[in-house]
Amino acid sequence: MTQREVEILLVEDNPADVELAVHALRHNNLANQIEVVRDGEEALDFLFGRGAFNQRDMEHPPKLVLLDLKLPKLDGLEVLREMRDDPRTRPIPVVILTTSREESDLVRSYSIGVNSYIQKPLNFDDFRDTVRQLGLYWLVVNQVPPSRAFAGKSE
Amino acid sequence: MTIPLLRDSSVGRKLTFVILSTCGLALLLAGVAIVTADSFLLRSALEKDLQALAQIVADNSTAALAFDNAQDAQQTLASLRARPNMQQACIYRANGTVLAKYAASDATSECPPKTERAPTRIDGMNLFLSRPILLNKEVVGTLYFRYQLGEISARTRLYSLLVGIIAICSMLLAVVLFSRMPRLISEPISKLVETAHAVSTNGDYGIRAAKTTGGELGILVDSFNEMLGHIQRGDADLRKAQDELEQRVAERTNELESVNKELQAFTYSVAHDLRAPLRHIDAFSRILSEEARGHLPPDCMKHLDRIVRATQQMGQLVDDLLNLSRVGRQEVRRQTTGLTSLVDEVRKEIKEVAVQSGSTRSVEWQIAKLPFVDCDPGLVKQVYANLLSNAVKYTRPRDRAIIEVGSMQSNGQPVFYVKDNGVGFSMKYANKLFGVFQRLHRQEDFEGTGVGLATVQRIIHKHGGKIWAEAELDKGAAFYFTLGLEEPDAKELLIAN
């Protein structure tokens, strides 16, 4: 599993939300390479190849991180800040996928350097459509620099 | 005192000037009077004296004249030598020729021709006296004196000098005395002035003027101190009230801040934690209905549909409530806003939503030209969005729905209105219209959360405006509002428009 090339890292603590997100991705044929982590610490462990993920191939960072804001241990904004502080994770696209659209959350997310901020629509049909659009955009349309260009450039 | 130089001088200087000038003038007048009186008295005494002398000389000369004895007459006149100021004396015979004459050593010895002038006259520095010499009441000759008045003028000069010296000395003395005296008058005033200055610069009403004298100045100082006492007490009361008020405001602010924080945390939590389960209910119901289609009886499918709709409604309610609370916390950011285009935008959005939901209704919009106003465009757009969508909603039963948007002037400020010919409401319930969760229609007739008009009212109040409604059941409703615009701005903008 750790040797598999991960395309989407889903950081989500609520099992129902995990299930729905996976369902929506699968519904749109985007569920092939998803890694799900359940809190902020685990997300950073995965991204930096620490702890349970020390065997992970750092040559292949995820193409997209879907990040919830309310998370146990470290919240979404703290995860985002650590990612943006490290050159190895700085270029990874991060989309915040959360329930609220409080102005303060939006402002802070963008000031730290989020790539996109999406409020999960209440209507599941709309949610599936949103997931389809963002998967298509970030995994197919969007271009990222090759991982070797920034892998290993630790501070 | 109108002397410009003295206008800004201290009271002490003014007093010194007044007293010195008064003293000086009095002394001068007295001196002049004394000298004048003295010289007048002296002169008249001298005149009398000379008259007496002339009488004696005339009496002594009658015999010499009678016998034309020049030698005797000469001797009589020689006795005048005792009067050093006697310049010249002559005795004329009745026919006017000189019988005898006398002259002081430095004077001319020629007698002037006899004249019939006034018996005594003063000419320059000389007193001239001529007097007939009688013998048995018959004029036998004339006596003539010329007397120098140098004595008198010397004495007048001396007196004038003395008066001058005394005046100068007394004025100097007055200056010296007065330079030590002003404490009596000017010092209490100066102290009062210093105190007043100290009070006004330091704002310290606890200072008191020292009372060093009685009389009017003492009363003035007392009154001043009493007045300061009043002010001090008033000031202290005011300060106390202010402190109390500040403390109360601080307490209230703290309370409000903590309540506000709680409220913020609450709404944040509502936004996250209340919406999440709703999403899950909606999602799993939909997934269930998709996956179980064909396996579940139609009734169960209907139930699932109910669940989805209830979830959507609750989601709408949560969103509306969050919006209401956001509007309450949001600051009004005024900017010049063209209401015509804003209303047009809202109308288009409403139409779009209606088209998307498959509605084929047509609404007759009567939108008048609206002014440019100073308001928060985002918030006022919410106002129009609510009022216009309400109007659309409540005209649904009408075949010909008419919605009118416009503005008018009332009491110098623009009043905006939205009128419709919809189902209206009874004015009995008008007071409930803007309350949260207050609805005047059944959910199955007209859907809604009862939060929209509460939000509208909050926005209007935040602008400092007012909102009210006029309606009649089954006839239609009209909503009026103002935006708390300052009169001149509003007028200018209306004109500019």
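Buried means under 20% relative accessible area, exposed means over 50%, and partly exposed lies in between, with a 1.4 Å probe and protein chains only. The model is predicted, so local features need pLDDT of at least 70 and side-chain atom pairs count only at pLDDT 80 or more, while totals for chains, interfaces and linings use all residues. Residues are numbered from 1 along each chain as its sequence is written, chains are lettered from A and ligands numbered from 1 in the order in which they are written, and side-chain values use heavy atoms, leaving out hydrogens and water.

**Stop 1: a salt bridge in chain B**

Select B:Asp68 and B:Arg93. They form a salt bridge (a side-chain nitrogen of Lys or Arg within 4 Å of a carboxyl oxygen of Asp or Glu), and the closest N and O atoms are 2.5 Å apart. B:Asp68 sits in the loop between helix 2 (11-66) and helix 3 (70-78) of chain B, and B:Arg93 in strand 1 (residues 86-93), so the pair ties together parts that are 25 residues apart in sequence. Helices (H or I, at least four residues) and strands (E, at least two) are DSSP runs, numbered from the N terminus. B:Asp68 is partly exposed at 41% relative accessibility, and B:Arg93 is partly exposed at 23%.

**Stop 2: a second pair in chain B**

Now select B:Glu447 and B:Arg396, whose side chains meet in a salt bridge of 3.2 Å, N to O. B:Glu447 is in the loop between strand 10 and helix 10, B:Arg396 is in the loop between helix 9 and strand 9, and the two are 51 residues apart. B:Glu447 is partly exposed, at 39%, as is B:Arg396, at 35%. Over all chains, the structure holds 28 salt bridges.

**Stop 3: the largest nonpolar core**

Select B:Tyr384, B:Phe479 and B:Phe481. In the largest nonpolar core, which has 36 residues, these three touch the most other members. Such a core is a set of buried Ala, Val, Leu, Ile, Met, Phe, Trp, Tyr and Cys residues joined through side-chain atoms within 4.5 Å. Elements of chain B that each supply at least two residues of this core include helix 8 (339-356), strand 8 (372-375), helix 10 (452-462) and strand 12 (476-481). Which helix gives the largest share of this core? Helix 9 of chain B does, with eight residues.

Stay on B:Phe481 and show its contacts (heavy atoms within 4.5 Å). Leaving aside neighbours within four places in sequence, B:Phe481 is in contact with residues including B:Val383, B:Leu387, B:Pro414, B:Ile460 and B:Trp468. Apart from this core lies another, of 29 residues, among them B:Ala73, B:Leu80, B:Ile91 and B:Ala100.

**Stop 4: strand 4 of chain B**

Select residues 126-135 of chain B. Seven of the 10 residues of this strand are buried, so it is largely enclosed by the rest of the structure. Two strands pair if DSSP finds at least two bridges between them. Strand 3 (residues 120-123) pairs with strand 4 in the antiparallel sense over four bridges, and B:Thr120 stands opposite B:Leu129. The two strands form a hairpin with two residues between them, where B:Gly124 in the turn has a positive phi of about 65°.

Strand 5 (residues 138-148) also runs antiparallel to strand 4, joined to it by 10 bridges. Here B:Ser130 stands opposite B:Tyr144. In this hairpin, which has two residues between the strands, B:Asn136 takes a positive phi near 50°.

**Stop 5: chain A**

Move to chain A, which has five helices and five strands. From the N terminus on, the elements run β-α-β-α-β-α-β-α-β-α. Of the 155 residues of the chain, 52% count as buried.

Select A:Ser109, in helix 4 (residues 103-112). Is A:Ser109 buried or exposed? A:Ser109 counts as buried, at 0% relative accessibility. Beyond its neighbours within four places in sequence, A:Ser109 is in contact with A:Leu69, A:Leu77, A:Leu80, A:Ile96, A:Val114 and A:Tyr117.

**Stop 6: where chains A and B meet**

Select A:His23, in helix 1 (residues 15-27) of chain A. A:His23 counts as buried, at 18% relative accessibility. Not counting residues up to four places away in sequence, A:His23 touches A:Phe124, A:Arg128, B:Ile287 and B:Glu291.

Continue to A:Arg128, whose side chain meets that of A:Asp125 in a salt bridge of 3.0 Å, N to O. Both lie in helix 5 of chain A, three residues apart, about one turn of the helix. A:Arg128 is buried at 6%, whereas A:Asp125 is partly exposed at 35%.
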